[in-house]
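Subject: Structure handover

Dear colleague,

Here is the structure we spoke about, with the sequence. My notes on it follow below.

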Amino acid sequence: MNIVLLGPPGSGKGTQSQLLAESFNLVQLSTGDLFRQILQNPHHPLYDELQIIKQGKLVSDEVVNKVVEDALKKLTNAKGIIFDGFPRTVAQAKALDRMLSSLNRKVDVVIDFNVTEGVLLYRLLGRRICPNCKRVFHVNQGYIECLDCKVKLVTRDDDNEEVIMKRFKEYKEKTVGVQEYYRDSNCAYISLTIDDIDTTPEEVHQQIISELKERDLV
Ligand SMILES: [Zn+2]
């Protein structure tokens with residue numbers, strides 16, 4: 001089973017990707033993680049091309065596709081793959097279909113995390129991060145220091161309302177095409193609405209499992 005996760009930053013799809021990987025023995029493919037690995041290795045052939053990320057610019061479809069294709073080649077034995085952060089454009093979605101079909105795979109499920117503005121703002125404005133290990137906390141937990149490192153927690157510069165809403169708007173505009181592309185395809189399309197700040201990651205995970213069961217996918 002190969003799964004594509006769609007959702008804005010703060011939707012919790014990274015956490016859900018991890019939970020799904022554990023539950024069904026799948027491999028996570030996060031383009032964010034892959035980019036970070038390449039940027040730590042000056043000898044990587046795409047090292048120079050990815051420098052634009054540091055300027056806050058978007059990586060071209062061509063380069064993203066190349067990164068994903070290289071990663072897929074190493075996952076030939078995977079039972080299934082979860083795509084987190086990819087595809088972001090219709091061109092990438094089409095490229096993914098081609099890559100998977102050459103490996104006798106396909107996108108089986110798309111899970112679309114529809115998080116309301118209120119939940120997104122609550123989560124991101126309250127986010128506190130350990131500058132050392134990057135562990136994420138919420139201000140409502142009441143911690144001042146990281147539980148692991150005992151380092152003082154900080155807020156990210158870009159976690160302010162104006163930047164969050166701008167990112168959210170951009171995300172929605174860009175993703176409409178990808179959503180339509182998958183809705184028109186043969187894969188199972190699961191749309192989850194997350195509108196309650198008290199919903200826990202485990203509850204969302206159980207909801208996903210029941211949606212998969214309903215469709216006889218697990
Ligand atoms: Zn820490």
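Does Asn-104 count as buried or exposed? At 75% relative accessibility, Asn-104 counts as exposed. Please keep in mind that this is a predicted model.

Backbone

Asn-104 is listed for its backbone as well: its phi is positive, about 60 degrees, although it is not a glycine. Asn-104 belongs to the loop between helix 4 and strand 4 (109-115). Asp-216 is another non-glycine residue with a positive phi, of about 55 degrees. Asp-216 comes in the segment after helix 7 (201-214) and is exposed, its relative accessible area being 69%. The peptide bond between Phe-86 and Pro-87 is cis, with omega at about -5 degrees. Pro-87 is placed in the loop between strand 3 (81-84) and helix 4 (90-102). As background, most residues other than glycine have a negative phi, and most peptide bonds are trans.

Zinc site

Which protein atoms are the donors of the zinc ion? They are the SG atoms of Cys-130, Cys-133, Cys-146 and Cys-149, which lie 2.3 Å from the zinc ion. The angles that these four donor atoms subtend around the zinc ion run from 105 to 113 degrees, so the arrangement is tetrahedral; the criterion asks for all angles to lie between 85 and 135 degrees. Along the chain, the donors are spaced as C-x2-C-x12-C-x2-C. Cys-133 sits in the loop between strand 5 (127-129) and strand 6 (136-138), and Cys-149 in the loop between strand 6 and helix 6 (161-183), so this pair ties together parts that are 16 residues apart in sequence. Cys-133 is partly exposed at 36% relative accessible area, and Cys-149 is also partly exposed, at 24%.

Aromatic rings

The search of the whole structure gives three aromatic pairs. One of them is Phe-83 with Phe-86: the ring centres are 6.5 Å apart and the planes are at 45 degrees, so the pair is tilted. Phe-83 is buried, with a relative accessible area of 0%, and Phe-86 is buried with a value of 0% too. Phe-137 is buried, at 4% relative accessible area, whereas Tyr-143 is partly exposed, at 37%. Separately, Lys-172 has its charged end over the ring of Phe-168, at 4.5 Å from the ring centre.

The chain as a whole

The chain has seven helices and seven strands. Starting at the N terminus, the order of elements is β-α-β-α-α-β-α-β-α-β-β-α-β-α. The C-alpha trace spans about 50 × 45 × 35 Å along its principal axes. Of the 218 residues, 42% are buried. For contacts between residues at least 6 apart in sequence, 67% join residues at least 24 apart.

Regards

Definitions and conventions
Residues numbered from 1 in each chain as written. Predicted model: local features only at pLDDT ≥ 70, side-chain atom pairs only at ≥ 80, totals over all residues. Heavy atoms only, no water. Donors = N, O, S within 2.8 Å, 3.2 Å for Na, K, Ca; no water. Tetrahedral: all angles 85-135°; square planar, octahedral: opposite > 155°, others 65-115°. Helix = DSSP H or I, 4+ residues; strand = E, 2+ residues; numbered from the N terminus. Buried < 20%, exposed > 50% of the residue type's maximum accessible area, 1.4 Å probe, protein only. Phe/Tyr/Trp six-rings, centres within 6.5 Å; stacked < 30°, edge-to-face > 60°. Lys NZ or Arg CZ within 6 Å of the ring centre and 35° of its normal. Contact = heavy atoms within 4.5 Å.
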